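Open the model in your viewer and get ready to select a few residues. We will go stop by stop.

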Amino acid sequence: MWSHLLALACALLLLPAQALAGAKEKLAALAPSGLVLVMDEKGNELVAQNADKPFVPASVAKIVTAWLAMEVLGPDYRFETRFYLDGDRVLYVRGGGDPFLISEELAQLASALVAAIGKKPLSGIVLDASYYPSDIRIPGIEDTDEAYDALNSALAVNFNTIHAVRKGKTVHSAEEQTPITPLAISQFRARGSQGRGRISLTQDPTVGLQYAGELIAAFIERAGGSVKGKISTGAVPEGLEPVYVHRQSRTLSKILAGLLVGSNNYIANQVFLEIGGHRLGGPVSLEKSLQVANEMLVRHGLAESIQLKEGSGISRGNRFTARGLAQLLHFFEPHATLLRSGDGALFKTGTFSGVSTLAGYADTSKHGRVRFVIALTSDDGAMRFRLLKAIRSEL
């Protein structure tokens with residue numbers, strides 16, 4: 001009798017191991033050359049396939065940027081834009097790298113600004129973007145009209161893009177909330193095709209800055225103010241105190257939630273650049289942010305497994321290992337709800353030509369919540385979700 005009980009106990013002990021082996025086999029059959037790592041809440045590796053092979057994370061890198069930002073800046077951090085007025089009623093605008101100076105934000109800003117400075121006409125607007133070097137460039141950002149290639153700037157509006165509609169020689173704003181400006185019309189005529197579209201302002205940083213000035217002026221007019229003089233660039237005079245400081249209506253945590261769902265490269269690198277600027281002082285630089293990021297990664301034992309070139313994932317020079325990203329997901333778990341949710345999982349995708357990645361947290365029936373990393377060297381974006389479905393059903 002004791003021998004039968006012993007055999008039964010051994011069989012029961014083997015069942016979980018057999019089930020786990022079956023899950024590994026199924027995942028391996030779906031993507032034999034793919035990278036898959038699944039860890040439970042205690043850090044046990046349930047599935048580990050090519051887990052130490054470096055991979056290009058694409059937009060999954062935004063999870064790392066979000067974690068760094070929450071650690072360095074804090075969830076309640078708000079970007080600021082400062083306004084100064086001299087004795088000749090010249091308005092100076094000093095950009096602080098706010099990634100969300102969109103039309104709706106500019107409407108709020110303009111109303112508060114006009115209330116602070118009055119409706120008497122302004123004799124000019126001077127734009128100070130010195131917080132960002134004019135030659136700042138992000139690896140992977142190319143000189144195209146695509147919105148994902150928008151240049152980063154200390155002072156940019158609507159993600160440094162123009163959304164318009166063109167019919168013949170006539171150009172209108174494609175957004176009810178956004179006034180059309182002379183520069184928007186000329187840029188869209190020069191580079192936009194017929195019909196509706198969004199173009200980035202990539203060729204010359206001064207073009208994006210001029211558009212920001214024109215749109216700020218248009219919103220000042222909407223708010224009851226008036227701008228009679230020209231828009232130019234320059235520095236805020238020494239000793240001039242701000243008459244109004246606009247704090248972004250969205251906290252950092254809300255910006256990051258939108259970033260992790262919408263995957264906007266411009267926002268990601270504005271946030272990434274602020275990490276270095278906030279910790280080491282302005283002007284910002286990619287080198288400062290990489291220094292702060294690497295110091296954080298070293299502190300958490302991730303220096304070898306998480307290697308960043310920029311903060312959005314647009315550079316193919318970024319390299320992660322699955323074990324490194326899974327460990328970072330452990331640190332990021334208090335902020336997991338910032339990720340996109342669906343079908344029992346919280347996740348971030350990444351997509352390049354020849355790269356499909358997926359990482360996050362999933363609920364399983366046998367092992368509770370797990371952390372997972374999937375990276376495929378293919379254009380089959382659906383396969384990563386088939387693997388996620390298998391993880392949830394088999395583990």
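Which residues does S253 touch, not counting residues up to four places away in sequence? Select S253 and you will find M70, P75 and L338 in contact with S253 (heavy atoms within 4.5 Å). Before going on, note that this is a predicted model, where local features need pLDDT of at least 70, side-chain atom pairs count only at pLDDT 80 or more, and totals for chains, interfaces and linings use all residues. Residues are numbered from 1 along each chain as its sequence is written, and side-chain values use heavy atoms, with hydrogens and water left out.

Now colour helix α6, residues 252-262, which holds S253. Helices here are DSSP runs of H or I with at least four residues, numbered from the N terminus. S253 counts as buried because its relative accessibility is 19%, and buried means under 20% relative accessible area (1.4 Å probe, protein chains only).

Next, select A107 in helix α3, residues 103-117. With a relative accessible area of 33%, A107 is partly exposed, the class between buried and exposed, which is over 50%.

Finally, show α3 together with helix α5, residues 205-222. Their axes (lines fitted to C-alpha atoms over the stretch in contact) come within 8 Å and cross at roughly 60°. Where they meet, look for residues including L106 and A110 in α3, and L215 and F219 in α5.

Key. Helix = DSSP H or I, 4+ residues; strand = E, 2+ residues; numbered from the N terminus. Axes fitted to C-alpha atoms, helices over the stretch in contact; angles between N-to-C directions.
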